[in-house]
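Colleague: I am new to this structure and would be grateful for a close look at a single part. Please take one residue and describe its setting.

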Amino acid sequence: MTDTPIDLRHSGPVTLFIGAGMSAESGVPTYRGQGGIWGQYDYHEVACQAAFERQPAAVLDFHETRRQAVLACSPHVGHRHIAALQTAHPGQLRVVTQNIDDLHEQAGSTPRAHARAIASAFHRL
């Protein structure tokens, strides 16, 4: 981590909106980025209701492969920095993420909101 911590004492509330790039740094495959999942798979074959009705095993296999990939990832230094900032400035730093993993929580951060489901649900499957 940096030797010069970010000081939020003199600022108002801060909200971080975090997307796929944060998780991609930990190895979580993205959907649309370079080398993304939709470049390798056809959404209509593996990720929609019609695909599930046609070939449920293929859809479940696709999602299981994704689940295993996400579970193999760990938080990186950026996740830990955000957690440290939240600890240093309780209630002042909010995290809103659309990511499907729980890497922020693993790093000790407390996202205020998830715009989509989180991978901790995967742990309960």
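Modeller: Let us take Thr97, which is found in strand β2 (residues 93-97); strands (E, at least two residues) are DSSP runs, numbered from the N terminus. The model is a predicted one, in which local features need pLDDT of at least 70 and side-chain atom pairs count only at pLDDT 80 or more, while totals for chains, interfaces and linings use all residues. Residues are numbered from 1 along each chain as its sequence is written, and side-chain values use heavy atoms, with hydrogens and water left out.

Thr97 is buried, its relative accessible area being 1%; buried means under 20% relative accessible area, computed with a 1.4 Å probe on protein chains only. The strand around Thr97 is mostly covered, as 4 of the 5 residues of β2 are buried.

Next come the contacts of the side chain. The side chain of Thr97 reaches the backbone oxygen of Ile18 at 3.4 Å. A polar atom of that side chain also lies 3.0 Å from the backbone nitrogen of Asn99. Further along the chain, Pro111 is 14 residues from Thr97, yet the C-alpha atoms of the two are separated by 7.1 Å.

The strand itself has a partner. Strand β1 (residues 14-18) and β2 run parallel and are joined by 5 bridges; two strands pair if DSSP finds at least two bridges between them. Within this pairing, Val95 of β2 stands opposite Leu16.

Technical notes. Buried < 20%, exposed > 50% of the residue type's maximum accessible area, 1.4 Å probe, protein only. Polar contact = N/O pair within 3.5 Å; in protein donor to acceptor, adjacent residues only side chain to side chain.
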